Amino acid sequence: MLARAVKNALRTPPKPLFRFRGCVDVHRHAKSAASSRAVSTSAIQPASVDDTDLIAFFDQPYAPQKLTSPTGIFGHSSLTTPASFVALADSTLRRAQLLTERILRARESREELFRVVKNLDRLSDMLCGVIDLAELLRNAHPDPAWIRSAEEVYEKLCEFMNVLNTNVGLYQVLRDVLSDDEVVKFLSPEAYQTALIFWRDFEKSGIDLPPAQRERFVSLSTEILVLGRQFLNETATPRPPAQIQWSELQGLKDIGMGARLRLQAKVTKRELLVYPGSLQAQMIMRSAPAEEPRRKVYMAANSSTPEQISLLERLLRARGELAQLVGKKSFAHMALGDKMAKSPENVQHFLNALSDHTRPYALRALRTLSMRKQIHLSTPPFPTIQAWDRDYYCPPEPPVPPHTLPPLTLGTVFLALSRLLQALYGISIRLAETMPGEVWHTDVRKLEVADERTGVLGWIYADLFARQGKPGGAAHYTVRCSRRTDDDDAQGDLKYAEERDHKAIRLSQDFDASKCFRLPGQHMTFQLPVVVLLCEFMRPTIGRGPTVLEWHDVLTLFHEMGHAMHSMIGRTEYQNVSGTRCATDFVELPSILMEHFLTSPTVLTLFDRDSTNTLREVGDHHDDPCRSIDTYTQILLAMIDQIYHSPSVLASQFDSTSALTKLYQARGLIPYVPGTSWQTQFGHLFGYGATYYSYLFDRAIASRVWRRLFSRNPLDRDIGEKYKQEVLRHGGGKDPWEMVASLLDSPELQSGDAAAMAEVGRWKIEDEVAIPNRH
């Protein structure tokens with residue numbers, strides 16, 4: 001059961017959007033848009049010309065391009081070849097070195113001390129702007145030469161970034177800034193928050209350790225990286241096949257594939273070899289009336305070698321040692337200090353409260369499955385549901401919309417998205433043509449995001465169609481963050497520069513200058529955000545017609561657009577806290593909330609360009625009897641994540657399988673199966689160690705926000721403006737607890753203490769829109 005949930009989680013992970021910290025925001029309070037409107041309306045407005053243009057824009061086979069002279073990637077004229085990208089990295093590296101030297105000299109004048117936080121943010125943006133571009137290109141570009149250059153750029157600048165993270169001089173300058181009362185009073189709340197982020201990152205790097213301990217810190221960090229990569233590789237390693245007798249497959253509900261399998265076994269007179277994860281394995285788990293073949297497939301899917309278990313435990317121990325080296329009780333204590341949760345104890349308060357609330361519902365659902373098994377096998381009342389029974393007695397079904405809708409072509413979905421954003425925030429999505437060379441593939445569409453009052457907010461590049469070599473799944477890349485640039489004083493970086501330096505940094509200077517735009521009616525210049533959405537939908541063709549999405553694809557697109565709007569609206573003066581650059585356990589709130597809008601009949605009318613069709617509820621739409629079991633399973637996954645990152649991993653007798661067994665015995669719903677060790681397939685243990693609870697946490701908050709604010713009138717502009725002003729526009733520049741408390745008018749949450757975490761755990765996650773495999 002848990003293993004199945006692990007695999008689902010890996011397919012739809014709560015993604016961290018950034019690998020590097022060191023970007024800052026000073027939030028400037030703007031006049032609320034709501035105050036400038038005489039009335040609020042939730043009436044459904046007809047689709048605009050810009051909205052309807054989106055249909056043809058996405059549904060035609062080819063994206064239009066301007067008939068202009070060629071440019072480079074994202075319109076940067078210098079980025080026309082793979083070699084030019086490496087040249088940009090070299091130019092950026094030298095420019096970053098000059099800025100680093102300036103920050104190290106900051107104590108020479110009071111004026112420079114006041115600029116330290118701003119300059120640290122500039123330094124981070126300078127590097128991240130190229131690193132984030134490299135991260136995108138090495139994953140999305142189809143040309144191997146571009147991929148190789150992106151890999152080179154990525155490694156070169158990351159190496160320098162790692163050097164900065166351990167630069168004692170920078171740490172000491174920042175320490176002097178934070179201990180200077182006059183400078184601290186000068187900093188805005190967002191700038192001060194940014195300074196603290198830098199400070200915490202330095203401390204996490206063990207920067208103030210003695211030389212011997214510092215050397216051990218570096219060694220452990222390298223070991224963790226190597227072990228983590230090996231662990232992730234092992235999670236994808238095929239497990240040995242289950243050996244199934246043809247007689248065990250009698251009565252398969254899947255007549256087609258089942259008949260072929262039985263015939264194959266009967267003719268060959270050999271056992272069937274069924275590999276975990278294959279279509280045959282999935283069919284057997286859902287369709288085989290006999291328990292034995294399902295048990296065999298489950299056991300095969302959740303087996304581990306001693307080497308795989310040892311690899312995971314070595315990773316967990318190395319993390320524990322690293323945390324204790326910097327004075328933390330455990331890796332969880334080290335990881336959670338800058339999150340909403342603040343500590344593993346607070347996470348446990350949340351999980352315990354959520355577990356107490358969810359468990360009765362899950363037990364009732366389990367009783368339903370037990371009655372199905374009783375009827376099927378003619379057993380005495382309430383037979384035990386085993387791990388291999390779950391999919392048979394409650395087979396996963398794809399999610400469906402609650403009402404009938406027109407064909408959901410990709411263009412129709414973007415039409416609905418634009419109309420929703422216009423109704424809520426006064427923001428529209430407009431098509432934008434690309435110039436030759438601007439995008440990495442002809443499939444890529446460019447969108448301009450505009451606010452009705454302030455003009456262009458940024459751009460979205462939509463790379464939505466599957467192709468060979470492209471990563472699977474959906475992702476949101478922030479290629480460029482919002483940042484104020486008119487107060488940069490970049491000329492001060494060159495005070496001690498030599499003549500050759502001026503030439504060396506020109507590429508980097510031109511690259512940054514092309515990203516700056518003066519805001520209408522203001523004297524400020526901002527770098528506007530650019531994000532990329534990656535999906536793997538079927539490409540439209542002349543013969544087949546436009547791309548028609550399944551409902552789970554629509555949910556995915558709304559989710560990713562929630563991230564994109566956070567990036568667009570979260571315009572801040574410091575890039576380190578712009579948009580989605582916020583706490584891991586807060587970043588999924590806007591994206592999950594976007595999915596909730598798809599539960600509203602009012603919102604679903606937006607898919608009809610005239611909003612004239614009457615929606616009819618789908619006849620077979622029903623409550624999922626296994627939904628609460630899935631939620632409870634996710635709670636157990638979050639609990640084992642906390643256990644694996646607690647001080648217990650450093651005990652000589654620590655055994656990851658034994659810890660899993662004890663958790664099952666104490667809190668599980670379905671009996672643990674001896675001989676299984678699915679933890680070696682829990683890939684999130686590396687990328688999201690000690691923070692797996694975050695997705696549940698944001699689901700609880702999103703569900704509360706939806707019910708309290710939007711459910712009755714989801715297109716209410718005043719409510720949309722409140723959410724926009726209280727949450728989205730701040731990015732990560734404000735304490736998320738303050739944002740949530742203000743949004744929900746719940747001042748008791750503002751402290752973000754153990755009581756607040758437990759209170760969120762008691763909120764009902766009743767709108768399970770974000771759960772994979774809804775039934």
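A crossing of two helices is called left-handed if the near helix is turned anticlockwise from the far one by less than a right angle, and right-handed if it is turned clockwise. With that convention in hand, the crossing of α18 and α21 is right-handed. The model is a predicted one, in which local features need pLDDT of at least 70 and side-chain atom pairs count only at pLDDT 80 or more, while totals for chains, interfaces and linings use all residues. Residues are numbered from 1 along each chain as its sequence is written, and side-chain values use heavy atoms, with hydrogens and water left out.

The protein chain holds 30 helices and 10 strands, taken as DSSP runs numbered from the N terminus (helices H or I, at least four residues; strands E, at least two). Of its 775 residues, 58% are buried, where buried means under 20% relative accessible area, exposed over 50% and partly exposed in between (1.4 Å probe, protein chains only).

Helix α18 (residues 410-425) takes part in two helix pairs described here. Its axis and that of helix α21 (residues 551-569) come within 11 Å and cross at roughly 40 degrees; axes are lines fitted to C-alpha atoms, for helices over the stretch in contact, and angles run from 0 to 180 degrees between N-to-C directions. The two helices are therefore oblique to each other, given that angles under 35 degrees count as roughly parallel, over 145 as roughly antiparallel, 65 to 115 as roughly perpendicular and the rest as oblique. On the α18 side the contact includes Leu410, Val413 and Phe414, and on the α21 side Val554, Leu557 and Phe558. By class, this contact has 13 nonpolar residues and no polar or charged ones (Ala, Val, Leu, Ile, Met, Phe, Trp, Tyr, Cys and Pro count as nonpolar, Asp, Glu, Lys and Arg as charged, and the others, Gly among them, as polar).

With helix α2 (residues 49-59), α18 crosses at roughly 150 degrees, the axes coming within 7 Å. This pair is therefore roughly antiparallel, and its crossing is right-handed. Asp51 and Asp59 of α2 and Arg419 of α18 are among the residues in contact. The class count is 6 nonpolar, 4 polar and 3 charged residues.

Phe607, in the loop between α23 (601-604) and α24 (627-644), is buried, with a relative accessible area of 2%. Beyond its neighbours within four places in sequence, its contacts include Val413, Val554 and Phe558.

Methods: Contact means heavy atoms within 4.5 Å.
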